[in-house]
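Here are some exercises on domains and charged pairs, each with a worked solution. Keep the structure open and try each task before reading on.

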Amino acid sequence: MSAPDRRVDLFVIGAGSGGVRAARIAAGYGARVMVAEEYRVGGTCVIRGCVPKKLLVYASRFGHAFEDAAGFGWSVAAPAFDWATLIANKDREIARLEAAYTATLGKAGVDLVKSRAVLEDAHTVRLEATGERVRAEHVLIATGAVPHLGPAIPGIEHVISSNEALHLDTLPTRVLVQGGGYIAVEFASIFAGLGSQVTLVYRGENILRGFDDDVRQHVREEFEKRGVQVITGNTVAAVEASGRHYTAHLSGGLQVAADTVMFAIGRPPNVRGLGLETVGVRLAPNGGIAVDDYSATSVPGIWAVGDVTNRVNLTPVAIREGHAFADTVFGGKPTKADHASIPTAVFTEPEVGVIGLTEAQAREQIGDVDIYRTRFRPMKATLSGRDTAVLLKLVVDAATDRVVGCHIVGEGAGEMIQLVGIAVRMGATKADFDATMAVHPTAAEELVTMRQPTVRHRREAAE
């Protein structure tokens, strides 16, 4: 084997959120860093995930805003929506962000190469675009995850993922979305808000598996109020094409007509074709790269962060893991990314914000639990006339009075849960919430004014 063309301290495979943060921080510690990216700088979040999705979420909410304005005295001419304008403006913003990410790496002294990178051994990476081989003291894998369409059902070639949904030429009149997680419910909400007739199909008993049961039911009810047809206990068994239109045949026998069929049923770790088998990097049972608390793999010198590890697949988590890796390896500060009590939001309509334990998890893990729950019509809806409700819920450890979970469904839930997350992580008690002065009139004030438990769960006394 010939000598490598270049030598670096850190070679990062993947210029997404985790890889970019790790590269920048490592370079700040004086490391020589090279990053390889085969697609676009910014990764899933910036290019075809969180950011473009949130821009479409904003767009989808204006329709309701125009309708609600009438109750407040506004006379608005019939609004018209143009999908092509939205997509063009979205693409312009994504290009700006990609340029900003690229510039940030350049300013940090990171060498960026546009190529797929493959491991040849624990310290050698080959760039497929040029055949160049780079010797690295450390290699960080940050290749994220990829959409998965599931089994090869008849007509699978007609199905799109969230990647293609962000680049459709026109807004479809009828959309079928299969899935029940973040991506599925967010895109169902986006399409419905922009005027499409939406059917959401999910194999389980209710959408948003893993979230609190009250949240799951509340979001489903709100979806159905907004005209989204939610079909659970079913999967798409086949997709039949007729010109540019489709008929989805469901496992339960139903047929659904659609102009676009989108599957959002999971994003497995992007581990294929990286040379992991060649160098002996072990995979975890969940398909992600197996790592320890410091993001080290089974091969010394090779590390992994973000969705490719399939730990907690959220952009801020990947960023935190990338930063912790750089601090550990190049900063002389061994740092573990803390995966406990992570606040998260689902940008549906209405929005969801959660942190900590669900009611079911708290009952299983703690036993003695007090539940504080309220559901009410938001003040804005009193004049707009919209049929909607806000849900706020606190899960409290009855023995310590500590708030171990908070669940919000309503306008601004994502913003609320970011701040509530600080209190929950600090170990705030229900008494601390009660002692906090309310901000009136707000929906969030209910978090500090719920005095009596809705439900008290207690372990059965030992016989």
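This is a predicted model: local features need pLDDT of at least 70, side-chain atom pairs count only at pLDDT 80 or more; totals for chains, interfaces and linings use all residues.

Residues are numbered from 1 along each chain as its sequence is written, and side-chain values use heavy atoms, with hydrogens and water left out.

**Exercise 1.** Describe the interface of domain 1 and domain 2.

Solution. 
- Step 1: find the parts. Domain 1 covers 6–57 + 83–146 + 268–331, and domain 2 covers 156–263; such bounds come from an automatic or database domain assignment.
- Step 2: look at the contacts. Here 12 residues of domain 1 are in contact with 13 residues of domain 2, where contact means heavy atoms within 4.5 Å.
- Step 3: take the area. The two domains bury about 1100 Å² between them, 66% of it on carbon and sulfur atoms. Buried area is the accessible area (1.4 Å probe) that two parts lose on being put together, summed over both. R48, K53 and W83 supply 55% of the area that domain 1 buries against domain 2.
- Step 4: look for charge pairs. The count between these domains is one salt bridge, a side-chain nitrogen of Lys or Arg within 4 Å of a carboxyl oxygen of Asp or Glu. The side chains of K53 and E186 meet in a salt bridge at 3.1 Å, N to O.

**Exercise 2.** Which parts of the chain does the salt bridge of D338 and R425 tie together?

Solution. 
- Step 1: check the distance. D338 and R425 meet through their side chains at 2.8 Å, N to O.
- Step 2: D338 lies in the loop between α9 (315–329) and β16 (344–346) and R425 in helix α12 (residues 413–425), so the pair ties together parts that are 87 residues apart in sequence. Helices (H or I, at least four residues) and strands (E, at least two) are DSSP runs, numbered from the N terminus.

**Exercise 3.** Is R456 buried or exposed, and what about D370, buried or exposed?

Solution. 
- Step 1: confirm the pair. R456 forms a salt bridge with D370, the closest N and O atoms being 3.7 Å apart.
- Step 2: apply the cut-offs. Buried means under 20% relative accessible area, exposed over 50%, partly exposed in between (1.4 Å probe, protein chains only).
- Step 3: classify. R456 has 52% and is exposed, whereas D370 has 7% and counts as buried.
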